[in-house]
Amino acid sequence: MKIKMKSGIATISLLVVISSALLLMLVFNDSLLHLARENVLQRYQYLKTDFALPPISQEHCQKIPKPAMKNAARLQEFAVNPNDEGLQYFGYCQYFQLFKTGLNCQSTSIYDVDPQQLAHFQEKLARHANVFWFENDKLWQLERDITGIIIAQGMLEIQGNAKINGIILSAKKGNISLSSEISLFCEEQKLQKIIEDFQGWELVEKSWHDIKKAVANR
Amino acid sequence: MILRKPLRTGSSLMGVLLAITLFALISLVVIQWQNYQQHQILEIYQRTQALQIAENQKQRLVLALDCETAIQQNDLSFKVECNKATQAVNVQYPLGKIILKNP
């Protein structure tokens, strides 16, 4: 009976040794897997933030109020981080303005175009329905009433029977002559709305960065 | 007189049965666990690749390029769906799916 007990204990202890070795191996594997899973999760999280942040940074600039002073900072750094998840993006917003501040219905004087600003708005100008830009000499036959700003860089002659709601500006060597049938009047509200279309904060191209740059003390 | 005690050449039947049962139980647990880990390994393997693909496709969207629709790599097939308007990217891999979209 004594020997029988002993042989049973030997079998069981052998099983215990085998199973604990196997369990140890599996637990070790499990911790490795856990690490790998964590890595994948982290990557997914990063990708999700990376997806969300660029559009937010685009909108960020539009929220900055208009600079109050004429010489207010034209460049602003911003940081976006929606959920405080460690990933941060930075960028610069620049204030663009095609028309000079203070342009109103009474302005008729020569308008100096800033070539840099003009280049920025070139695409928008071509699409905009309320701004008429004439680079060369032209004879313009008006057939319908128009609202907007007319800018002439060369000789511009406007003919026809129509009403113009807005202002006419001459740039560079622009010279404008109106035929007598055309009536010119100006509504301040509508004018300012058009002007506002051509000013605002925008994200500076290639200014996006995800590492905060050390700013030197000035 | 020499063989006074009978020689025991093995354990009793009950002992053997108990040992076999225990061994079977242990192997069952081990096999189950191993299967689970195998599945996890596969999942990680596929998901890592799918994430890489999703990142690439998103980059393509940023550059205003068309997305690829199906990608075959490492004997796995990935299905990609992109939405240019919402800038969303979905990548489907054999064991799951990755959905990336703007909030």
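Accessible areas come from the Shrake-Rupley method with a 1.4 Å probe, and for residues only the protein chains shown count as cover.

## Model and conventions

This is a predicted model, in which local features need pLDDT of at least 70 and side-chain atom pairs count only at pLDDT 80 or more, while totals for chains, interfaces and linings use all residues. Residues are numbered from 1 along each chain as its sequence is written, chains are lettered from A and ligands numbered from 1 in the order in which they are written, and side-chain values use heavy atoms, leaving out hydrogens and water.

## Chain A

Chain A exposes about 14300 Å², and carbon and sulfur atoms supply 55% of that area. The secondary structure of this chain comes to three helices and eleven strands. Helices (H or I, at least four residues) and strands (E, at least two) are DSSP runs, numbered from the N terminus. Along the sequence, their pattern in chain A is α-β-β-β-α-β-β-β-β-β-β-β-α-β.

Of the 218 residues in chain A, 35% are buried. Buried means under 20% relative accessible area, exposed means over 50%, and partly exposed lies in between (1.4 Å probe, protein chains only). A contact means heavy atoms within 4.5 Å. Among the contacts in chain A with a separation of 6 or more, 44% are between residues 24 or more positions apart.

## The interface of chains A and B

The size of an interface is often given as the accessible area lost when the parts come together. Here the area buried between chain B and chain A is about 2700 Å², with 72% given by carbon and sulfur atoms. In chain B, Trp33(B), Gln37(B) and Leu51(B) lose the most area to chain A, together 20% of what that side buries. Buried area is the accessible area (1.4 Å probe) that two parts lose on being put together, summed over both. In terms of contacts, 32 residues of chain B meet 26 residues of chain A.

Seven residue pairs are in polar contact across this interface (both at pLDDT 80 or more). On the side of chain B that touches chain A, the elements giving two or more residues are α1, β3 (88–93) and β4 (96–100) of chain B. The largest share of that side, 20 residues, comes from α1(B). A polar contact is a pair of N or O atoms within 3.5 Å; within protein, one must be able to donate a hydrogen and the other to accept it, and residues adjacent in sequence count only if both atoms are side-chain atoms.

Gln37(B) is placed in helix α1 of chain B. Gln37(B) counts as buried because its relative accessibility is 4%. Leaving aside residues up to four places away in sequence, Gln37(B) touches Leu26(A), Asn29(A), Asp30(A) and Leu33(A).

Ile98(B) lies in strand β4 of chain B. Its relative accessibility is 1%, so Ile98(B) counts as buried. Not counting residues up to four places away in sequence, the residues that Ile98(B) touches include Tyr44(A), Arg47(B), Leu51(B) and Val89(B). Ile98(B) and Val80(B) are 18 residues apart in sequence, and their C-alpha atoms are 9.6 Å apart in space.

## Salt bridges

A salt bridge is a side-chain nitrogen of Lys or Arg within 4 Å of a carboxyl oxygen of Asp or Glu. Over all chains, the structure holds two salt bridges. One of them joins Arg43(A) and Glu55(B), with the closest N and O atoms 3.1 Å apart. This pair crosses between chains, from helix α1 of chain A to helix α1 of chain B. Arg43(A) is partly exposed at 27% relative accessibility, and Glu55(B) is partly exposed at 23%.

Glu187(A) and Lys190(A) also meet in a salt bridge through their side chains (3.9 Å, N to O). Glu187(A) is partly exposed, with a relative accessible area of 35%, and Lys190(A) is partly exposed at 41%.

## A nonpolar surface patch

Ile12(A), Val16(A), Leu18(B), Leu22(B) and Leu25(B) form a nonpolar patch on the surface, with about 420 Å² of accessible area together. The elements that give two or more residues to this patch are α1 (2–62) of chain A and α1 (13–62) of chain B. The most comes from α1(B), with three residues. Patches are made of residues with over 30% relative accessible area and no salt bridge: like charges are joined within 9 Å, and nonpolar side chains (Val, Leu, Ile, Met, Phe, Trp, Tyr) within 5 Å. Leu18(B) is partly exposed, with a relative accessible area of 47%.
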